[in-house]
Amino acid sequence: TTGICCSCSRPFIFYALEQKYWFEVLSFYIDSHCVRCIDCRRQGREFKDVRRTYCELASKQERTVAETDTLKSIAEQLFELGLIKTEAR
């Protein structure tokens, strides 16, 4: 199947092996359609992982120095992306 990515507007091919994985492993509905290219889907997964790490570290009562440094680094990235609106957060 071919399509245009809704995130970056590039044309992409949704290959048969990807479709098989979607429907057989991930159990997507049979009428689901891929709307993002592989690069945008990968970037989305990476962003979710970063956000999950941020939430886990932010909610910890006690953090190591390394965890605090990681939290600060992630917060800076999220602020630069406009996902954290104020520096105080």
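Does Ser9 count as buried or exposed, and at what relative accessibility? At 54% relative accessibility, Ser9 counts as exposed, where exposed means over 50% relative accessible area, buried under 20% and partly exposed in between, with a 1.4 Å probe and protein chains only. The views below come from a predicted model, in which local features need pLDDT of at least 70 and side-chain atom pairs count only at pLDDT 80 or more, while totals for chains, interfaces and linings use all residues. Residues are numbered from 1 along each chain as its sequence is written, and side-chain values use heavy atoms, with hydrogens and water left out.

**View 1. The chain as a whole, with its three helices and two strands.** From the N terminus on, the order of elements is β-β-α-α-α, helices (H or I, at least four residues) and strands (E, at least two) being DSSP runs numbered from the N terminus. The radius of gyration is 18 Å, well over the 12 Å that the globule rule gives for 89 residues, so the chain is more spread out than a compact globule; this radius is taken over C-alpha atoms, and the rule is 2.2 Å times the number of residues to the power 0.38. Along its principal axes the C-alpha trace spans about 45 × 25 × 20 Å, and 18% of the 89 residues count as buried. Of the contacts (heavy atoms within 4.5 Å) between residues at least 6 apart in sequence, 34% join residues at least 24 apart.

**View 2. Ile13 in strand E2.** Ile13 counts as partly exposed, at 43% relative accessibility. When its neighbours within four places in sequence are left aside, Ile13 is in contact with Thr1, Thr2 and Glu18. Glu56, by comparison, is 43 residues from Ile13 along the chain, and the C-alpha atoms of the two are separated by 35 Å.

**View 3. The crossing of helix H2 (residues 38-59) and helix H3 (residues 65-80).** The two axes come within 10 Å and cross at roughly 130 degrees, which makes H2 oblique to H3. Axes are lines fitted to C-alpha atoms, for helices over the stretch in contact, and angles run from 0 to 180 degrees between N-to-C directions; those under 35 degrees count as roughly parallel, over 145 as roughly antiparallel, 65 to 115 as roughly perpendicular and the rest as oblique. H2 passes H3 in a left-handed crossing, that is, with the near helix turned anticlockwise from the far one by less than a right angle.

**View 4. Residues at the contact of H2 with H3.** From H2, the residues Phe47, Val50, Thr53, Tyr54, Leu57 and Ala58 meet Glu67, Thr70, Leu71, Ile74, Ala75, Gln77 and Leu78 of H3. By class, this contact has nine nonpolar, three polar and one charged residues, with Ala, Val, Leu, Ile, Met, Phe, Trp, Tyr, Cys and Pro counted as nonpolar, Asp, Glu, Lys and Arg as charged, and the others, Gly among them, as polar. Gln77, in helix H3, counts as partly exposed at 40% relative accessibility.
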